[in-house]
Amino acid sequence: MSTTIDIPARRAFILPHPDDTWESIAARQLPDMPLDEAVNLLKSWNIFLVFRPGGGAFTPSDVMFVAPPPAA
Amino acid sequence: MAYDLLISNARICDGSGGPSFRGAVAVRDGRIAAIGEIEADAAETVDAHGLVLAPGFIDPHTHYDAQLVWDGLAQPALEHGVTTIVPGNCSLSLAPLRPEHRELLGATFRKIEEMPKNAFDAGIDWRWQTFAEYVEAIRGGLGINVAPLVGHSLIRLWVMGEDARERAATGAEIAAMQDLLRDCLDAGAIGMSGSWVDIDHENRPVPARRAAWEELDALCAVLGERKAILQMVPEFWDPDLLCARIDLLADLSRSHGIATTFSPLFDSNAAPNLVGIALDRVRLQTAHGARVVPQMQTRPIDLSFDLTAPMSTFATLPGWWAMTLLPKEEKLARLRDPAEREKLKAEMDSFMMPMSLDLDFAKAFIKRPGPASQALAGRFIGDIAQERGCHIAEAIIDIALADDLETSFGLEALGHSNMAKIAGFLAEPLIGIGAGDGGAHVTNFSTYGDTGFLFSQYVRGHRAMSLETAVQKLTHDIADLWGIRDRGLIKPGYAADMVLFDPDSIDRGPEIAVDDLPAPGFRYIRRAEGIDQVFVNGRRVYSRDAGYAESRPGAIVPQMA
């Protein structure tokens, strides 16, 4: 996405590509981790997507967090 | 005659936020011609002693798209002093739309906006396909001004057909959408609406949600060509998601030089810090050159439900939702079946709160009793269940069964009801007033009267803002954000959209059920209190004494050049 100002997000996120899967995003965002572990971690950060009716399907307009929640 | 209309002896609150002042306003040819001390003849004079004269209020978040086809007054909006409405929000307008998609879009529109099918089908004659044709279909009968949005879901559906519900667009499709959006803006659209959360009648994401970022960005580039606005619905219940959406809107705003707005933003006990977190993010992005304006409604969140149709109250109770969808006889059998009743009880014991609302069915009350429950009117389900020694779910079911499912149940103050806290938010300059949903949810709750409620509760009651600031937030601020030309101020040359009201009594009335849809059935509305007269383009359209006038001076309002 185009942006002229880089303000750190409250919580790091991406917008999935149209052909992304949990695995492709996990591999891209958490490359230093075993894939299964990375997918589970990614899902744990995005429970709202996992439990969405339809079984964890996300759209390219969804926000997907790639970091844990900020400290309270 | 020098003027068509002279309103004299008024307390003029001109929408600028500046101090109100005594004077007269003269109107000629639908425009404000003069303000101040005016000694001249006019075809009609109004003595406004004791009343405030303000610009007509603007309601930026409505779904009157369907109602305007059969009711160019958008009743009861005008009687609350609203002279301009913005329909087409949340990615849903009624055009552009090909005939083969009418049933699909209609079902989605009715589900999301909770409109009765029979009224929708009876009232809409679908004499349009393009946005220009829809505008022409409603233009002639307008008593209220309309600044329509075009819905992103409709744009996708027109270009991609059913694939709009399935996938992202190709480059060629995005280019076609851009051209279509230009056509819609040329035909009178004030901007585009989208959604990041809505689901259709089949529980699938609305077409707008299938768009990849480059598509939304490309469409915002077109909005930027015209300085037109983008309205979006974010995940308003989660602070992290909401902040992410604010950041995305800020990127679009800065990249394309457009104003963006999102709705709703509301407070709840389940997420007491959410508004503060969101507001901080809006402040940060605003300080860095973005224009991202949250819309907040003035009224608490009230819901109602019955067992005849799925309603948003059952959004997180899928078993209850599915039950309401059944044909009546099957539904009645299901509600009488012990095993099915146990399932419904269990679900009511363990459902997830929808969207941070404080939903407690024990606090539901009999809102519209049926034939057998007249004596229970106003009583709480929790009390009735205790008296009967039964589960809350059983009390609801059995009362509904005794009434042949005609009972309506109400729930009040599920959120956005800490009025001392809301007062501070509404007074915040960066928060816009809106998100009212006028014309939608008609069998669930009344979406009218938020303007009067602002004055009664937050000007007179909590003293959160001055009368002048309240008027400014309902008029000039909205016109400025939305690019609505020549409205929102009492100023020479501006359209003579005005409201005369008693500042000591303006309010919303009690919620009532009326039978004025184009098919048998009811809707909830609120009448206005304290509104004396309403003028649109210089002509009286409503008065307290005579009701609605015959004239239809409303217009499709132009965007600022």
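**Notebook: backbone and interface**

I began with the loops, and Pro96(B) lies in the one between strand S7 (82–85) and helix H2 (102–113) of chain B. I take helices (H or I, at least four residues) and strands (E, at least two) as DSSP runs, numbered from the N terminus. A cis peptide bond joins Ala95(B) to Pro96(B), with omega at about 0 degrees.

Ground rules, before I go on. This is a predicted model, so I kept to pLDDT of at least 70 for local features and 80 or more for side-chain atom pairs, while totals for chains, interfaces and linings use all residues. Residues are numbered from 1 along each chain as its sequence is written, chains are lettered from A and ligands numbered from 1 in the order in which they are written, and side-chain values use heavy atoms, leaving out hydrogens and water.

Cys90(B) has a positive phi of about 65 degrees, though it is not a glycine. Is Cys90(B) buried or exposed? Cys90(B) is buried, at a relative accessible area of 8% (buried is under 20%, exposed over 50%, partly exposed in between, with a 1.4 Å probe and protein chains only).

Pro264(B) sits in the loop between strand S12 (260–262) and H9 of chain B.

Asn537(B) is not a glycine, yet has a positive phi of about 50 degrees. I place Asn537(B) in the loop between strand S21 (531–536) and strand S22 (539–543) of chain B, and it counts as buried at 17% relative accessibility.

Next, the interface. I find 25 residues of chain B in contact with 23 of chain A, contact meaning heavy atoms within 4.5 Å. The buried area is about 2,100 Å², with 59% from carbon and sulfur atoms; this is the accessible area (1.4 Å probe) that two parts lose on being put together, summed over both. Arg209(B), Asp240(B) and Leu241(B) supply 26% of what chain B buries against chain A, more than any other three residues.

I looked for salt bridges (a side-chain nitrogen of Lys or Arg within 4 Å of a carboxyl oxygen of Asp or Glu), and the rule finds 2 across the interface of chain B and chain A. Arg10(A) pairs with Asp240(B) in a salt bridge, the closest N and O atoms being 2.8 Å apart.
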